[in-house]
Amino acid sequence: MADDPVGPGASPTAGDAPEGSPGDDGSRRPLEALELLLAEQRFRVGQYIRAHAVPVPPTPQRPRTPPRPGPVPEQPQAQELLDALPLAAMLIRPVLDERGAVEDFCYVGQNTAAREFTARTVPPEILPPWSGSVPLFERFPNLADTPVPRLLSDSYRTGRPQGPEPAEWSLPGAQGQLVRVSSEVRVAPCGGLLLLTWERGERDQARMVQAVQHLAKVCWAEWNLGDGTVEEAGLREVLGLPAGQRPPGLVDLARMMAPDSREPLYRALRDVLLGERDVLDLELCLTSPEERILRLIAEPVRPETGPVWTVRAVCRDVTADVRARVTAERAVQEARAQRERADTVAEVAERLRAAVLPGFPAELARRGVEAAAVYRPDSQTARVGGDWYKTRVLPSGQVLIALGDARGHGLDAVTLMAKLRHALAGLAFTGEGVERLTSWLNEVACDDGEESTATAVIARYHPARGLLRWTCAGHPLPVLVRDRRARLLEPPPGGPGLALGVQPGEAYTAAETPLIPGDVVLLYSDGLIERRGSDLDRDSSRLLRAVDDSARDGIPPGGEALDQYIRALVRALTGPHVADDATVLAFRLLRAEPDANDLP
């Protein structure tokens, strides 16, 4: 054991952990190495002490000559003796009744330290100057609720000193304020009087230190390597040991640790004892008496030329801090992993979106129309949304125009968006009217699942008739820009139909809007206009004002000018940040183009 004495000439070597025999538990090796290390250090300390011991010469026996009597000094006065005391003190005279029992105490004197204490602690307006004998508890009423009355009575009754005991009292101050006094008080007989003294005592300071250590879960300890003793304050509480248990030595402390903490402790102590390190700072995992994490910061104490004979340390229970740090690190790692997953989903969805949101076919211009589209994704959902649009010249010469918004965000929304768009592209070749096309899309959405809902405007432009026929499935109404003024198109007869995927078998009606050259029709998703806390009428009014403002100077001809116009419109309505996907599809009639193949 490290605390066993090492005999002269025995100098164990503990530079490295000893080799264990086959089958030995590896966790014992650091303990054995630490025991040898401390035993070697104890041997060194013993050698140093023996080498530097100062021999005491024998005292010669000489005849003792009595000293000559000197002059007798003048006896000091009582007040001089009182003022010589370094402690604040009062002289108290017991007041006896007719039977000789104490009925009160009078404050009859004080020393210089008491006057200085009063001047330093008590504002002058609170306590009038002392002018002579006065009942103690009349001048200091709150002293009656402290141990002072009992100490005075016991000291007078027994004739012995009493205390020290902590006492706290207060004095009423100006404007309702209180002056608090906290001290250790003592009472001692002094002739026929009692001497009451008070000071900021060691016990009071120790109590404050203990409170701080308890709140901060911190302690200090000194391990004496010469005799194995331990001086500490709060070590047992921090380690969770009973108050009466002997504080652990360094080997005992290592036994309380998890195996993977013993090796770092041994290495750090070895470096300190060999002079290779001045301070050690370790986080150690304890398993006994319960699991906790101890941070130990220690330094060696040595004479100038001698070996280390004490290890002085500050220890703190950092279990809660480490667990909070680990939890925070895990949260950061999980957030990073979620971000990486979101980025992956965003990349997949963005590629899918790029595949399903095409440009515009060249045949549009030959039909006397042009189109432009702007899509701004939700900045908070990793660029994944369900907005979609479609334009196509059909074999009949008519032009298919559609814009929709699949519910939600993420791959599910993109998948539904792709299904609806491709279904519409194929179904449009049947030549059926937009009413039937919309009903078929509704069935596609209903078959996809309960959560697969979407809104859409499905339109077909008839060049020979200059007519736009369109349906609305729960979607915002299109806007017509004519002669630099904007208005919402009137809804189909019976109003807009239900959103796609809500009710199987839903029938939809179509509205008919005649167009003239120069007209611009705007289809858009609700993310362009909806604002939290607003309503549809207010959102629509704001949209029309923005369209009017953007078209005040007219929309120049050409697809590029049309694209710039709707981009400016989106910026005006959404600002730098988009709360939801926002898509605008602009369709402009350049000229009327009668076509014999145009079917009703």
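Predicted model: local features only at pLDDT ≥ 70, side-chain atom pairs only at ≥ 80, totals over all residues.

Student: Why is Asp 97 called partly exposed?

Tutor: Its relative accessible area is 21%. Buried would need a value under 20%. So Asp 97 counts as partly exposed.

Student: What makes Arg 99 exposed?

Tutor: Arg 99 has 77% relative accessibility. The cut-off is over 50%, so the word is exposed.

Student: How do you know that Arg 99 and Asp 97 form a salt bridge?

Tutor: The test is a side-chain nitrogen of Lys or Arg within 4 Å of a carboxyl oxygen of Asp or Glu. For Arg 99 and Asp 97, the N to O distance is 3.8 Å. That is within 4 Å, so the pair passes.

Student: Why can such side chains pair at all?

Tutor: Side chains of opposite charge can pair when their charged atoms come close.

Student: How many salt bridges does a search of the whole structure find?

Tutor: It finds 30. One of them joins Arg 267 and Glu 263, at 2.4 Å from N to O. Another joins Asp 549 and Arg 552, with the closest N and O atoms 2.7 Å apart.

Student: Where do Arg 267 and Glu 263 lie?

Tutor: Both are in helix H9. They sit four residues apart, about one turn of the helix.

Student: What are the accessibility labels for Arg 267 and Glu 263?

Tutor: Arg 267 has 30%, so it is partly exposed. Glu 263 has 27%, so Glu 263 is partly exposed. Asp 549 gets that label too, at 46%.

Student: Which residues are linked in a network of salt bridges?

Tutor: Glu 35, Arg 246, Asp 252 and Arg 255.

Student: Now the helices. Why are H1 and H9 called roughly parallel?

Tutor: Look at the angle. The axes of H1 (residues 28-51) and H9 (residues 259-273) cross at roughly 20° and come within 9 Å. Angles under 35 degrees count as roughly parallel. Therefore H1 and H9 are roughly parallel to each other. Their crossing is left-handed.

Student: What about H14 and H15, at what angle do their axes cross?

Tutor: H14 (residues 536-550) and H15 (residues 559-574) have axes that cross at roughly 135° and come within 10 Å. That makes H14 oblique to H15. Roughly antiparallel would need an angle over 145, and roughly perpendicular runs from 65 to 115. H14 passes H15 in a right-handed crossing.

Student: What makes Leu 96, Val 102 and Tyr 156 a nonpolar surface patch?

Tutor: Patch residues need over 30% relative accessible area and no salt bridge, and nonpolar side chains are joined within 5 Å. Take Leu 96: at 38%, it is partly exposed. So Leu 96 clears the 30% cut-off. The patch made by Leu 96, Val 102 and Tyr 156 covers about 220 Å². Leu 96 itself is found in strand S1 (residues 88-96).

Student: Is Ser 153 buried or exposed, or in between?

Tutor: In between. Its relative accessibility is 32%, so Ser 153 counts as partly exposed. Ser 153 is found in helix H5 (residues 148-158). The C-alpha atoms of Ser 153 and Leu 194 are separated by 9.7 Å, though the two are 41 residues apart along the chain.

Student: What is the phi of Asp 483, and of Arg 484?

Tutor: Asp 483 has phi near 50°, a positive value in a residue other than glycine. Arg 484 has a positive phi as well, near 65°. Asp 483 is in the loop between strand S17 (479-482) and strand S18 (485-488). Arg 484 lies in the loop between S17 and S18.

Student: Why do Asp 483 and Arg 484 get their accessibility labels?

Tutor: Asp 483 has 68%, so it is exposed. Arg 484 has 49%, so Arg 484 is partly exposed. The line between those labels is 50%.

How values were computed: Residues numbered from 1 in each chain as written. Heavy atoms only, no water. Patch = residues over 30% accessible without salt bridge, like charges linked within 9 Å, V, L, I, M, F, W, Y side chains within 5 Å. Areas by Shrake-Rupley, 256 points an atom, 1.4 Å probe, with all protein chains shown as cover. Helix = DSSP H or I, 4+ residues; strand = E, 2+ residues; numbered from the N terminus. Buried < 20%, exposed > 50% of the residue type's maximum accessible area, 1.4 Å probe, protein only. Axes fitted to C-alpha atoms, helices over the stretch in contact; angles between N-to-C directions. Left-handed = near helix turned anticlockwise from the far one by under 90°.
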